[in-house]
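Please open the model in a viewer and keep the selection panel at hand.

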Amino acid sequence: MPKTILEKDQASKAKKTRKFKPWYRTAVQIFFFMLVTLITINTILEKSGISIPLIASASLHAICPFGGVVSIYKFATVGTFVQKIHESSFILMAIAFILAIAFGPVICGWVCPLGTYQEWIGKLGRKIFRKKYNNLIPAKLDKYLRFTRYIIMIMVIYITATTTKLMFQNIDPYYALFNFWSDEVSVTALVVLVVTTLLSLFVERPWCKYACPYGALLGLSNLFRIFKIRRAPSTCVNCKACDKACPMNIPVSTGTAVKNHQCISCMKCTSESSCPVTSTVDFSTKGVKKHEN
Amino acid sequence: MKIKSQHMAIIIILFIFGSVGITSTLGLWKTTNDKVPTTYRDGEFAGQYNPLDIKGSYTFADIFNTFEVPVEDLSKAFGITDPSRYSTFQCKELEALYGFLAAEGKEVGTGSVRYFVALYKGLPFDAEEGTYLPKTAVDILKSKSKLTTEQIKNIEKYSVDLPVISSVSTTAPKSTEVSASEKAVKSSTTFKELLDWGVKREDIEKVINDKMPDSSKVVKDYTSTKGIEFSTIKDPLQKLVDAKK
């Protein structure tokens, strides 16, 4: 649809006044990435009787909320956890679910160190492929590939429930990333990590988009979360800045509220970050719709 | 209501660490196993420890503490020939030692220890497919447990003869003599090791300010149960060890 003169004028002004992008999410991501790294190092050092002050020591499984998810069946039926899983995984699982009900998969967008790692690799990919970056997979194929993570999720939960073993560890790139030197990491997991790293040069967050079973589960919260990404069509200038900013390729500009199962609540599309018009794309509850006609 | 990214950052940090803090205060937050297995919920064995909950991190001493299966029997059953490893050997180490059996679709690992303990104690247990017991374990069970004919038939069917060569190679360290540099107080050190290194029981008791527990107990596990930081007694114990070098 051709743009009106007013829209063109607004878009042009907006481009000129593109603001400073908030750094809070990056700070939180770095914080959690460093925290997990230090906890992992501390766990290794502790075996030699050394420890980093103020940093806890715990296995990676103990601080991964997905461990709680795969343990639910065994806990409900036998009252015990799947091997390597502890109470902390269950508590983190509950924390992630509560946050997801309120804000969607913020654990994916703000906390998950593997997501952060893929974003960092992606920055390099963006420099190499420029505009083609994150747009290389044909939309028709991509549409279906996005559902493969649900198949993986069902398989992982089913196999873990029936074998009571943490089989996901054998393909988990997150575990491989923080334990790549350990003989506990399977070759398959290392291969998945390498493939994820290479794909991150072309596609933003490939593991999250196509394979992460935990992302798939948390992604369902986008259908009913309390706070949603909401767009006010009355002030929108159709510049598509929100669509371009979305790491998950969600067409934010085509609706009034994002209910896409892939949204990671990163807030990159909001008026605070990419949208050039104030109070047009916000992360809000349903009550804030004053701009809509 | 609208949320900005700085609010989101604060909410995430406060909610995660607040929840962890509250659950820690309530004693719910646990990132390690307290080495106390769950019990059977109902039936004839209600209240007894369930071997199904034996984790890979359990040492043979932990199993002795809860199931009262002697570490000597466990070690002999699973081909651990070095007495200095009887107490400290972790179930998960079996998977690495006998990993070569996987090619034949057999597994001697933590599942095998669970199975062995269940049969040894006469507790109900459904072994997972592919779980095998070494022939030495089968012999011990036959001599020390009251097994039904069907159970004997079953364990004989699912037993493996572990090659002697692997048995020997698994019992590292090869020498029972421990060099001075190896005498370091670590998270896996047991009270027995301290005694073996020449530290006197009364000196250990002075450091821990308590009676010394069973010598097979790992020092770090002892500090965890007493709510003491391991680091606070590690250095004084190391000094005692160093004084004996």
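A residue is called buried here if 20 or more other C-beta atoms lie within 10 Å of its own, and exposed if 12 or fewer do. The model is a predicted one, and by this criterion buried residues make up 48% of the 293 residues in chain A.

**Chain A as a whole**

**A helix pair in chain A**

Next, select helix α3 (residues 65–77) and helix α8 (residues 148–163), both of chain A. Two packed helices are described by the angle between their axes and the distance between the axes. For this pair, the axes come within 9 Å and cross at roughly 40°. α3(A) and α8(A) are therefore oblique to each other, and their crossing is right-handed. To see the contact itself, show the side chains of A:V69, A:V70, A:Y73 and A:K74 on α3(A), together with A:V156, A:I157, A:T160 and A:A161 on α8(A). Sorted by class, this contact has six nonpolar residues, one polar and one charged.

**Where chain A meets chain B**

Now display both chains. Here, 36 residues of chain A are in contact with 32 residues of chain B. On the chain A side, the elements that give two or more residues are α2 (24–46), α4 (87–103), α5 (106–111) and β2 (281–284). The class composition of that side is 19 nonpolar, 11 polar and six charged residues.

Within this region, select β2(A) and strand β1 (residues 2–3) of chain B. Two bridges join these strands, which run antiparallel. Which residue of β1(B) is the bridge partner of A:F283? The partner is B:I3.

**A loop in chain B**

Finally, select B:K186, which is found in the loop between α8 (164–169) and α9 (191–196) of chain B. Is B:K186 buried or partly exposed? With 18 other C-beta atoms within 10 Å, B:K186 is partly exposed, because a residue must have 20 or more to count as buried and 12 or fewer to count as exposed. B:K186 and B:F230 are 44 residues apart along the chain, and their C-alpha atoms are separated by 9.4 Å.

Terms used: Residues numbered from 1 in each chain as written. Chains lettered and ligands numbered in written order. Predicted model: local features only at pLDDT ≥ 70, side-chain atom pairs only at ≥ 80, totals over all residues. Contact = placed C-beta atoms within 7 Å. Helix = DSSP H or I, 4+ residues; strand = E, 2+ residues; numbered from the N terminus. Nonpolar A, V, L, I, M, F, W, Y, C, P; charged D, E, K, R; others polar. Pairing = 2+ DSSP bridges. Axes fitted to C-alpha atoms, helices over the stretch in contact; angles between N-to-C directions. Parallel < 35°, antiparallel > 145°, perpendicular 65-115°, else oblique. Left-handed = near helix turned anticlockwise from the far one by under 90°.
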